[in-house]
Amino acid sequence: VDPTSAPTFAELGTDPRIAAALLEDGIERAFPIQEMCLSMALEGRDIIGQAKTGTGKTLGFGIPLLQRIDLEGDRDKPQAIVICPTRELGLQVATDLERAGRLRGVKVLAVYGGRAYEPQIEALQNGVDVVVGTPGRIIDLSNRKDLDLSNIRVLVLDEADEMLDMGFLPDVERIVSAVPAKRQTMLFSATMPGQILNLARRYMTTPTHIRASEPGNDTQTVDAIEQHVWRAHPLDKVEVVARVLQAEGRQLAMIFTRTKRKAQKIADDLTERGFAVGSVHGD
């Protein structure tokens with residue numbers, strides 16, 4: 001597909017201030033999932049988006065969500081909520097929404113565990129339009145009466161299959177049942193297991209199912225990503241990684257680990273071998 005033939009966000013009916021903010025960030029033309037979502041979502045319809053990570057779905061639900069915020073009404077309580085499985089995704093989504101809504105003056109807050117309550121509570125007391133967060137922290141803040149869900153008009157479930165895998169579905173159902181029944185709901189998932197479809201049937205009103213993937217291709221990554229797997233004994237792993245890092249034309253590399261301690265250990269081991277490494281973890 002020729003990217004220059006794709007419609008611009010302005011042509012798709014995006015608020016001029018949102019389109020201008022995106023253009024400042026070098027984003028002008030819509031990806032397929034964004035084009036498909038915008039036309040439906042701007043009408044206020046419920047959407048089930050089947051989209052892989054990396055397809056640009058955040059703006060697909062983000063632009064309609066930002067446009068539904070009533071800047072003249074009661075802005076003491078959040079008007080939209082986005083539920084994400086991990087704090088990393090939550091922070092990424094919150095940043096994208098904040099940047100897209102900055103010229104419209106929309107206030108976005110990310111809430112997640114592993115951080116003090118006080119700054120998040122203070123921000124909520126000062127008034128926030130959009131809350132993006134993980135299920136546990138959203139429930140905690142709601143139980144403490146610091147997060148008022150009574151004015152929510154848009155609810156988004158992002159990467160619902162991940163939330164199912166991580167055991168968050170009961171928490172998600174508690175949140176969904178706590179927000180007003182009269183609302184717009186958008187659910188996004190790379191795959192569509194039965195429990196996700198049941199969730200959609202119970203909590204959505206005649207949703208439109210949009211697929212941004214090829215029918216029959218339900219893998220979670222976009223085709224532009226090439227994957228290789230090496231099975232290695234734990235004692236051999238650093239050696240294997242070091243070999244991979246010496247591949248011709250490697251450019252920049254990112255290594256994910258399961259724990260903070262492991263991240264630091266790998267960084268130290270690779271530094272010893274002469275690689276320029278930095279570690280990023282909670283401590």
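This is a predicted model: local features need pLDDT of at least 70, side-chain atom pairs count only at pLDDT 80 or more; totals for chains, interfaces and linings use all residues.
Q: Why is D146 called partly exposed?
A: Buried means under 20% relative accessible area and exposed means over 50%, with partly exposed in between (1.4 Å probe, protein chains only). D146 has 21% relative accessibility and R144 has 44%, so both values fall in the range called partly exposed.

Q: Which residues do salt bridges that share partners join into one network?
A: E24, D25, R99 and R102 are joined in this way, and the structure holds 15 salt bridges in total.

Q: Why does the pair of E24 and R102 tie together parts that are apart in sequence?
A: The side chains of E24 and R102 form a salt bridge, with N and O 2.9 Å apart. E24 belongs to helix α1 and R102 to the loop between α4 and β3 (108-111), so the pair links parts that are 78 residues apart in sequence. Helices here are DSSP runs of H or I with at least four residues, strands are runs of E with at least two, and both are numbered from the N terminus. E24 is exposed at 56% relative accessible area, whereas R102 is partly exposed at 29%.

Q: How do you know that D25 forms a salt bridge with R102?
A: The closest N and O atoms of D25 and R102 are 3.2 Å apart, which is within the limit of 4 Å. D25 lies in the loop between α1 and α2 (32-41), and R102 in the loop between α4 and β3, so this pair ties together parts 77 residues apart in sequence.

Q: How do you know that the buried residues of helix α1 are on the same side?
A: In helix α1 (residues 16-24) the buried residues are I18, A19, A21 and L22. They cover an arc of only 160° around the axis, which puts them on the same side of α1; the arc is that of the directions from the helix axis to the C-beta atoms. The face turned away from this buried side carries the exposed residues P16, L23 and E24.

Q: What do the buried residues of α1 pack against?
A: They pack against α3 (57-68) and α4 (87-101), where contact means heavy atoms within 4.5 Å.

Q: What makes the link between the side chains of D129 and R75 a polar contact?
A: A polar contact is a pair of N or O atoms within 3.5 Å; within protein, one must be able to donate a hydrogen and the other to accept it, and residues adjacent in sequence count only if both atoms are side-chain atoms. The contact between D129 and R75 is 2.6 Å, so its length falls within that limit. D129 sits in the loop between α5 (117-126) and β4 (130-133), and with a relative accessible area of 0% D129 is buried.

Q: Why is one side of each of β3 and β7 left without a neighbour in the sheet?
A: The open sheet has seven strands in the order β3-β4-β2-β5-β6-β1-β7, with parallel pairing. β3 and β7 (208-211) stand at its edges with a single partner strand each, so one side of each has no neighbour in the sheet.

Conventions:
Residues are numbered from 1 along each chain as its sequence is written. Side-chain values use heavy atoms; hydrogens and water are left out. Two strands pair if DSSP finds at least two bridges between them.
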